[in-house]
Amino acid sequence: MMNKTSLIAIALLVFMGFFPLFVDSAWLAVGTTFLVFAVVALSQDIILGRAGVFHMGHALFFGLGAYTTAILNVNFGLPILATWVPAVLVPMLVAFIMVAPIIHLRGDYLLVATIGFNIIFIQVLENDVFGLTGGPNGLFGIDVVRVLGYDFSSQTHMYYMAFILLGITLFIMRNLDKSKFGRAMFYIHKDEIAAQSMGINVRYFKLYAFILGAGIAGAAGSMFSVQYSAVSPEAFNVTQSIMFFTIVLVGGSASLPGVLIGTFIMFVLPEMFREFETARYLVFGIAMILTMILRPRGIWPVRFGNIPDFLKKGVK
Amino acid sequence: MKKMFPKLTASLAVCSMLTSASFAAADVIKIGVQAPITGQYANEGQSIDNGVRLIVEQYNARGGVLGKKIEVVTCDDQGAAQQAAICAKKLVNEGVKAVIGSYTSGATEAAQTTYNRAGVLQTSDGTSDSLIAHKYWTFFRNSFPNSAEAEYTAKYFVEGKQYKKIVVLSDYSSYSTDLADATVKALKAKNANIIYEGKIKSGSQNFTATLTKIKSMDPDVIYFSGYYTDGGLLRAQQMQLGIKADFVGGDSNDNPDYMKLAGESAKGTLLINVPTPDILPYDIAKTFLVDYKAKFNMMPASIWSLMNVDGLRAILHVMELSKSDDTKVIAEGLHALKDFPGITGPVTFREDGERIGGGYMTYEVQADKSYKIVYQ
């Protein structure tokens, strides 16, 4: 049986799948941006929306993926294809090393710590550590994806690669919702103490959410660096992290349509109304305030938990 | 679910409208401008955009080029590398034939690969030597490289001023590092005594820590290879700390905002640059400046926007000459161009896209902020 979220996910995939047939390459690029940022927002949602961990340094993992691809390709000449696995594994590893010691921190304390990590990350990039990151300028001239002599460099290729990534992400999230891990995160989010007293290892599941989210964000980062063939520190600063954080909160925590609407408002609307591009922070700022007052659980909040059906029957 | 369908159809309708709009625009030739319209180099960026729009307006008044009207598409790269890369994607997808800009070498370099892959011509005033390192057939530098300026600076320091203790400062940008490196190399070749090489972080406002360190070394000259936004403040803070050394600014300090930021301290600054707009001896330059002033009621921010305008003029000239809007043909035409009369002097490109020439001067800023040529 399919629930509403799966239907929306399928409708989205079908629509996005046929989208390139109707638009020119300028809109295709907008679509690609939407797909990549939607993946990042969804990965932030795993950590913030599902596990309920206040994490405001997500641009760090996004950036780690982007820089892993860029460094391996530009400095070491590896083909893009070979950088995909490291671009997922490096953020996961860093997430483990970095977050494991602080995962027990609660709410706002953890939030400040993650912001700190993000700031350190930008400092590391700007100071051109080991001569790898290119300093404040970043790294340029990242290659395109090449497989057996074919190069996948057109905007349509880029679009479908991002599309497949979104598909994989949605698949992971669907499985997550149905699995023991997803349920555990949901309980932790609702009531941490109750979850703990039920025998859920809170630290383990929070860390699990972090590592999974970091890996997905890393994959999106790798895609981002290839799309623009350049990476530079300012794309991964705290402002970006705040953006991902608010997308989830404003759209609706743990709500697939909510997160997608948030991404759409933040990254696609400014493209459609280009003359208002500079006003986007103003609009988004006002939207944030209004949403928090009028719809404190997000524009499109989740209306149900993963309460098994047999339990719901009696309530009716 | 029912609610979803009107939304889907509505967005499909919007998409198809947009597609038809882009088809209708096929009988124009699009020229892109990638420049820092906002951000710390905004006045240079806007000046590039203004200059390009002025030339395009003049062309369109005469009926355009190849019988088609020219349309300008501007993308604001904020002088930042990531935004530049995003702009490059946007402009390529807009279908532009050539891109004018950007102002900084970093933003230019970040966009280079994308333009090259798409076969879009790019002409920039970025002076970093690294810009021509890739030998992209799509890239044409419309200014002169850092190495030419470095040679001149070294000659001026060693033979002209005979400085004994030299301090070289730069920021972390590709242009500034590149110019500082080239200058240090040229100075060392002349056996000059460099007592300190340092870097400042662009936009950090307060440079007293670095300057205090420099003060203890008692230098003859502080040479700064960065941009005017930091240069003006550096000079002001140098005077506040009472460091009695000459302050020599590289070409990017030559901007009206330098004078504003340095205030009283601007007096006595030595600036090394190619000629300023108002002393360009060419007729074509004089007419352009009159037109520019009439339209925008101000002077261009600096010579750099005029260099970019020359890049555009050369491209449009070759388009008309070769009767083609194919970028490969235009690139060949640009390489074949010899002494094309430009606003900033004759334009000739080398095989790797380098503009041939030079002609630097040193200006001393007077109390009334006017320039006096002190070394040629």
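Figure 1. Chain A contains 13 helices and four strands, where helices (H or I, at least four residues) and strands (E, at least two) are DSSP runs numbered from the N terminus. Along the principal axes, its C-alpha atoms fill a box of roughly 60 × 45 × 40 Å. Residues are numbered from 1 along each chain as its sequence is written, with chains lettered from A and ligands numbered from 1 in the order in which they are written. In this predicted model, local features need pLDDT of at least 70 and side-chain atom pairs count only at pLDDT 80 or more, whereas totals for chains, interfaces and linings use all residues.

**Figure 2. The contact between chain B and chain A.** Chain B contributes 28 residues and chain A 25 residues, two residues being in contact if their C-beta atoms, placed from the backbone, lie within 7 Å. On the side of chain B that touches chain A, helix H1 (4-24), helix H3 (81-94) and H4 of chain B each supply at least two residues. This side has twelve nonpolar, eleven polar and five charged residues (Ala, Val, Leu, Ile, Met, Phe, Trp, Tyr, Cys and Pro count as nonpolar, Asp, Glu, Lys and Arg as charged, and the others, Gly among them, as polar).

**Figure 3. Domain 1 and domain 2 of chain B.** An automatic or database domain assignment gives the bounds: domain 1 spans 24-144 + 281-336 and domain 2 spans 146-273. In chain B, 17 residues of domain 1 are in contact with 19 residues of domain 2. Helix H2 (42-61) and helix H4 (105-118) of chain B each supply at least two residues of the domain 1 side.

**Figure 4. Helix H12 (residues 327-336) of chain B.** B:Ile330, B:Ala331 and B:Leu334 are buried, whereas B:Lys328 and B:Ala336, on the other side of H12(B), are exposed. The cover over the buried residues includes strand S4 (121-124), strand S5 (139-141) and helix H11 (303-322) of chain B.

Technical notes. Buried ≥ 20, exposed ≤ 12 C-beta atoms within 10 Å, placed from the backbone.
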